[in-house]
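Please look at the model below before reading my points. They cover its pockets and one of its helices.

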Amino acid sequence: MAMANATSQLVEPLTERQNWRALQSHYKKVRGLHLRNLFADDPQRGERMTAEAAGIFLDYSKNRITDETVKLLIKLAEESGLRARINAMFRGEKINVTEKRAVLHVALRAPEGASILVDGENIVPQVHAVLGRMTDFSNRIRDGEWKGQTGKRIRNVINVGIGGSDLGPVMAYEALKNYSDRGMTFRFISNVDGTDLAEAVRDVDPSETLFIISSKTFTTLETMTNAHSARAWSLSGLGGDEKSVAKHFVAVSTNAADVAKFGIDTANMFGFWDWVGGRYSMDSAIGLSTMLAIGPANFRAMLDGFHQIDEHFRTAPFDRNLPVLLGLLGVWYTGFFGAETAAVLPYEQYLKRFPAYLQQLTMESNGKHVTLDGKTVAYPTGPIYWGEPGTNGQHSFYQLIHQGTRLIPCDFIAFGEPLNPLGPHHDMLLANVFAQGEALALGKTAQQVKAEGTPDWLVPHRVFEGNRPSNTILAARLTPEILGKLVALYEHSVFTQGAIWQINSFDQWGVELGKVLAQRIIPELANREEPPLGHDSSTNNLIRRYRKLKEAL
């Protein structure tokens, strides 16, 4: 019944809603407008089309929108029941309808004393109990109290996971490396390709190495294959003593039986819950490696950053709500301009893995082809997210963004203060951020190119059409708190888009089929004698070709 209340306003198909139709008419009027003219006709545009909350400043003035566009998008959000959907999530209703689960990553960063109910039970005390255990464990490792099998302290931590159990921890470690314990080495294994594990352990001492096996079910094929190989490597380096496993392995899981069978002491098993999706789990026990790297105090500061944006998203009016504005702009470009991709361009080297993290967050969440009630969508959802840190990208793919035939909305992310001050570097970096946004928006006309003395034949090649949209996101400094805010900003932007598109942003059935087929194919590759093959002719032929390659070794 609660789910029906949360979605009662979403029954009408998106393209039949009054405000979608109003936006279609409006799009026809504004699609030909150029940002060059919009700025010239409205000197206050760059100051007016901004929003700020919790230390995050958003300039969205370089988008192909007018004030009327924003009003219509907000009306669409209201008509689509976004507020009811937000409230349903924070109340713990089971808005993940295909798996009949609550969606409560927001509970992972709720302060002590808060109350968030799932099936009538307050789950916040459970969250803080796990945080307390993580804190105690992290302090023991970081202080050297925890000793390996030979009595040496742990100096190397290797996280073994995949998907949300890897991308979040990797991104957070790289983003917050400035705050990490530089006396420790942190590595991450995810790919079932043996090279990933071989390179991770190549130059570390087993007696000083701790593995974190991150798998909720402790059955994930890639993770457990890597875990067993890591176990064999560790035992080989520690004389084969099975008791050493408990000194060099811990688990982030809920499968106590299999964790114990592996040799891990279940006292060193850190759990999380089915209302935490993998791609939303970096601030759960999945973030144990993050806490080990940056320390419990910094980890809790990151959680506080998440929570501040959670509260902003939950309470702020839509016209000043940062995640809502970002999400609505995404709907605008995807649904009306036909934009198929979006670029995230952090001008901060520590955020080099942030675009990769967002790929899973956005595309696994909103890469859906049916609505909540199982009907085929009649409009595009889930654009492709990609990007690299600036200024590197400027010397590779920015050419296509500036002068290519595709419209690619961009998010620039930058900070006022560098973490590593070095002469003029930061001024130069920020100058590039602002220059790229300006160049994308305003471009360079043929008249301007000719005025520079360019030969007529060369003029077309040097024209920049402009009118390429972008957002600029600014904060004072990349801290653990700010990282939490940035991740939450995009989490809730994804939520906003999913609510408008009337899709389930919290399941991921699309990853299942390939995994099931792989389980079937593995014995067909490994068996000494070729078994009967029942795949399509291409797959059968590839299997036979691979078997011949193996035989030739």
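The numbered points below start with the source of the model and then turn to its pockets and a helix.

1. This is a predicted model, in which local features need pLDDT of at least 70, side-chain atom pairs count only at pLDDT 80 or more, and totals for chains, interfaces and linings use all residues. Residues are numbered from 1 along each chain as its sequence is written, and side-chain values use heavy atoms, with hydrogens and water left out.

2. The largest pocket holds about 1100 Å³ of space. A pocket is an open set of points on a 1 Å grid over the protein atoms alone, where a 1.4 Å probe fits, with protein on both sides within 12 Å along at least five of seven lines; lining residues have an atom within 4 Å of a point. Volume is the space filled by probe spheres set on the points, which are joined across faces, edges and corners.

3. Its lining has 43 residues, and T220, G278, Q508, E512 and K515 lie nearest the centre. Helix α22 gives the largest share, five residues. Helices here are DSSP runs (H or I, at least four residues), numbered from the N terminus.

4. The second largest pocket has a volume of about 470 Å³. Among its 17 lining residues, Q349, N420, H425, H426 and L429 are the closest to its centre.

5. Helix α6 (residues 82–90) is largely enclosed by the rest of the structure, because seven of its nine residues are buried. Buried means under 20% relative accessible area (1.4 Å probe, protein chains only). The buried residues include R85 and F90. After α6 comes G92, with a positive phi near 85 degrees.

Notes: Helices (H or I, at least four residues) and strands (E, at least two) are DSSP runs, numbered from the N terminus. Buried means under 20% relative accessible area, exposed over 50%, partly exposed in between (1.4 Å probe, protein chains only).
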